[in-house]
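Hi,

Here is the structure I promised to pass on to you. Have a look at it first, and then read on for what turned up.

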Amino acid sequence: MTKYSSPVPMPALDAQPAEIYRQFYGMPMFTLSLADDLDASRDFWVDGLGFIDLFTIPGQVTHLRRWAFQDVLLVPGEQDAQPAAVSVNFACVLNQIDDIKKRCENLAPGCTDGPREMPWNSVELTVITPEHTRVVMTAARPIAPDSALADDLRASGFDIPQP
């Protein structure tokens, strides 16, 4: 059986979010977002989306982070007024979705869409940030042990509890 190993908690209705990761590491992947107002963008990502400002070099770069491997670099520049066709997705847990939506809407009314249940077993909230980055906060739904999905995953070697 495949053992689950990830900084993202197993899907559950009572899943607790991972701690914000404050150590430095070689980033295997990160998002780069152009911002014409670095301070306003940083404030939205921190106060709305729940990131921390890991460090800032004023006027040059702000390095934001939530969980391990959820890194965003804000750099000076202008994006188009329309959100990009590509989205950046960040894992969260189900009990964070409504709070993230509320905080983002308080900061920028109309900036969210959803949440929606998706066919790939998640609940997703889409947020358009001040610099027009399309951010999707994704929370996995628990897998019912007696579902067809659980049966398919067991057949593929995953350790899904039996009903």
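Let me start with helix 2, which spans residues 94-107: its buried residues are Gln 96, Ile 97, Ile 100 and Cys 104. These sit on the same side of helix 2, because they cover an arc of only 110 degrees around the axis. On the face turned away from the buried side, helix 2 carries the exposed residues Asp 98, Lys 102 and Asn 106. And what covers the buried residues? The cover includes helix 1 (38-47) along with strand 5 (88-92), strand 6 (112-118), strand 7 (122-128) and strand 8 (134-140). Please keep in mind throughout that this is a predicted model.

Next, the backbone. Most residues other than glycine have a negative phi, and most peptide bonds are trans. Here are some exceptions for you to look at:

- Gly 114 to Pro 115: this peptide bond is cis, with omega near 10 degrees, and Pro 115 is found in strand 6.
- Phe 69: phi is positive, about 70 degrees, although the residue is not a glycine. Phe 69 has its place in the loop between strand 3 (61-65) and strand 4 (71-76), and it is partly exposed, with a relative accessible area of 44%.
- His 132: here too phi is positive at about 70 degrees, and this residue is not a glycine either. His 132 belongs to the loop between strand 7 and strand 8 and is partly exposed, with a relative accessible area of 25%.

Now to a residue in strand 3, Arg 65. Is Arg 65 buried or exposed? With a relative accessibility of 0%, Arg 65 counts as buried, since the cut-off is under 20%. Its side chain makes a polar contact with the side chain of Tyr 25, at 3.2 Å. Leaving aside neighbours within four places in sequence, the residues in contact with Arg 65 include Ile 20, Tyr 21, Arg 22, Gln 23, Tyr 25 and Phe 51, and also Asp 71.

Some of those names come back among the aromatic residues. How many aromatic pairs does the structure hold? There are six. One of them is formed by Tyr 21 and Tyr 25: this pair is tilted, at 5.6 Å centre to centre and with 50 degrees between the planes. Tyr 21 is partly exposed, with a relative accessible area of 34%. Another pair is that of Phe 51 and Phe 90, with ring centres 5.1 Å apart; the planes are at 80 degrees, so this pair is edge-to-face. It links distant parts of the chain, as Phe 51 lies in the loop between helix 1 and strand 2 (52-57) and Phe 90 in strand 5, 39 residues apart.

Finally, a word on Arg 66. Arg 66 lies over the face of Phe 51, at 5.9 Å from the ring centre. Its charged end also sits over the ring of Trp 67, 5.0 Å from the centre of that ring.

Best wishes

Methods. Residues numbered from 1 in each chain as written. Heavy atoms only, no water. Buried < 20%, exposed > 50% of the residue type's maximum accessible area, 1.4 Å probe, protein only. Helix = DSSP H or I, 4+ residues; strand = E, 2+ residues; numbered from the N terminus. Arc of directions from axis to C-beta. Contact = heavy atoms within 4.5 Å. Polar contact = N/O pair within 3.5 Å; in protein donor to acceptor, adjacent residues only side chain to side chain. Phe/Tyr/Trp six-rings, centres within 6.5 Å; stacked < 30°, edge-to-face > 60°. Lys NZ or Arg CZ within 6 Å of the ring centre and 35° of its normal.
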